[in-house]
Amino acid sequence: FHGPQLGKINPPKKSRAQLWIMHGMESPPHYHNDLSQWSNLFNWTFTYRRDSDVLTSYSGFKQVPSKITTPNITTQWMKKDRMTAWMVSNCWTPSKRERYKQVFQKAIDIHVYGGCGTYRCARSNENSCMDILQNHYKYYLAFENSLCVDYVTEKAFKTYSFSPSTIPVMRGGTNYSLYFPPGSYLDAKDFKSAYELGKAMNVNKMGNTKLENIFSWTETRSVDLNSERHRSWCSLCERIHRSDNYKRLYSNIKFWLNDNPRSACKSPTDLTR
C-alpha cells in the first residue's frame with residue numbers, strides 16, 4: 001500500500017498468507033487521514049525513514065575510483081551574477097519555510113521561481129531550470145516542507161547532480177551529513193537566525209580556501225540519481241524471497257509513522273530569531 005492513500009479507503013481483510021508492506025516517501029503531515037484502523041495489518045515499512053524495514057532514498061553519492069580533474073568550480077562560483085534561487089510551488093507548509101524566507105531575504109537577495117514567486121521556469125523542462133542554477137546562481141534553497149526525522153527530498157540531490165557549482169542551503173529535520181558530503185552545504189540550524197544565515201552567504205565572507213573546501217567533494221564523489229532507488233527495490237525483492245526470516249507485525253502503524261512518543265516531526269522554532 002502506498003502510504004498517503006491510507007485512510008482514503010477502508011482496509012480489506014487480511015489473510016495469514018498475505019504480506020503487507022507500507023510504502024511512502026511523504027512526511028507524516030501529508031497523511032491527512034486517521035490511520036488507526038490500519039493497525040495490526042502491516043508487516044514491513046518501505047520508506048525514507050532510517051528505521052524502516054527497507055530503506056529507500058531519492059538518490060545517493062558514490063566514491064569515484066580515482067581523483068577527478070574538474071573545472072575550477074570556485075572560479076565558476078565567483079563569476080556567477082545572481083545570489084540565491086528557490087524553486088517552489090507549495091506556498092504554505094508545516095515547516096513554515098515561507099515565513100523563514102521573509103526574514104532570510106532581509107539579508108540576501110532571493111529569486112523565487114514557481115507558483116510562490118515572480119520568476120518563471122517551466123517545470124516541464126527541468127534541464128533548463130537546472131541550467132539557470134548552474135549558469136547564474138551561487139546558492140539554492142533546499143528547504144523542506146516538513147521538519148521531520150530523515151525526511152530529505154530530491155531538491156538538494158538535483159542541485160549536486162545538475163549544478164555542482166551551486167551551494168545548497170538546507171533547512172529540515174534531519175542530520176544532513178548522513179546524506180551529503182560534510183562541509184559541502186550550509187545548514188540553517190547552524191546559524192542563530194535566518195538573518196545570520198543570509199549574512200554568512202555574502203560573497204565577501206566566502207574566501208577561496210572556504211570555497212575550495214565546500215567544492216572538494218567534486219573531486220572524489222559523484223551523484224547517482226537512480227542507484228539508491230534501484231538498490232532499495234532490489235533489497236525489497238530479496239527480502240520477499242526470504243520473508244520467513246523477517247517476520248514482523250506493526251500493531252500501530254500510526255504510532256510508528258509519527259514516531260510516538262518522540263514525535264517524528266517538529267514545529268519550527270527559528271521563525272522569530
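**Group meeting: the cysteines in this model**

Okay, let's start with a torsion: about the S-S bond of Cys91 and Cys116 we get about -105 degrees, so that disulfide is left-handed. The two ends sit in distant parts of the chain, 25 residues apart. Cys91 is in the loop between strand S5 (82–87) and helix H2 (97–104), while Cys116 is in the loop between strand S6 (110–113) and helix H3 (126–136). The S to S distance is 2.0 Å. Both ends get some solvent: Cys91 is partly exposed at 24% relative accessibility, and Cys116 is partly exposed at 27%.

Before I go on, keep in mind that this is a predicted model.

Counting bonded cysteines along the chain, the pattern is 1-2, 3-4, 5-6.

Next one along: Cys121 is joined to Cys129, with S to S at 1.8 Å. The torsion there is about -130 degrees, so this disulfide is left-handed. As for cover, Cys121 counts as buried at 16% relative accessibility, and Cys129 is buried too, at 6%.

Then there's Cys148 with Cys265, S to S 2.0 Å. Left-handed or right-handed? The torsion is about 105 degrees, so it's right-handed. This pair also links distant parts of the chain, 117 residues apart. Cys148 lies in the loop between strand S7 (137–143) and helix H4 (154–162), and Cys265 comes in the segment after helix H8 (253–257). Cys148 and Cys265 are both buried.

Cys234 is exposed, with a relative accessible area of 54%, and Cys237 is partly exposed at 39%.

Quick look at the whole thing. We have eight helices and ten strands. For 273 residues, a compact globule would come out near 19 Å in radius of gyration, and the protein has 21 Å, which agrees. Along the principal axes, the C-alpha atoms fill a box of roughly 65 × 45 × 35 Å. Of the residues, 46% count as buried. Among contacts with a separation of 6 or more, 76% come from residues 24 or more positions apart.

Definitions and conventions. Residues numbered from 1 in each chain as written. Predicted model: local features only at pLDDT ≥ 70, side-chain atom pairs only at ≥ 80, totals over all residues. Heavy atoms only, no water. Helix = DSSP H or I, 4+ residues; strand = E, 2+ residues; numbered from the N terminus. Rg over C-alpha atoms; globule rule 2.2 N^0.38 Å. Buried < 20%, exposed > 50% of the residue type's maximum accessible area, 1.4 Å probe, protein only. Contact = heavy atoms within 4.5 Å. Disulfide = S-S within 2.5 Å.
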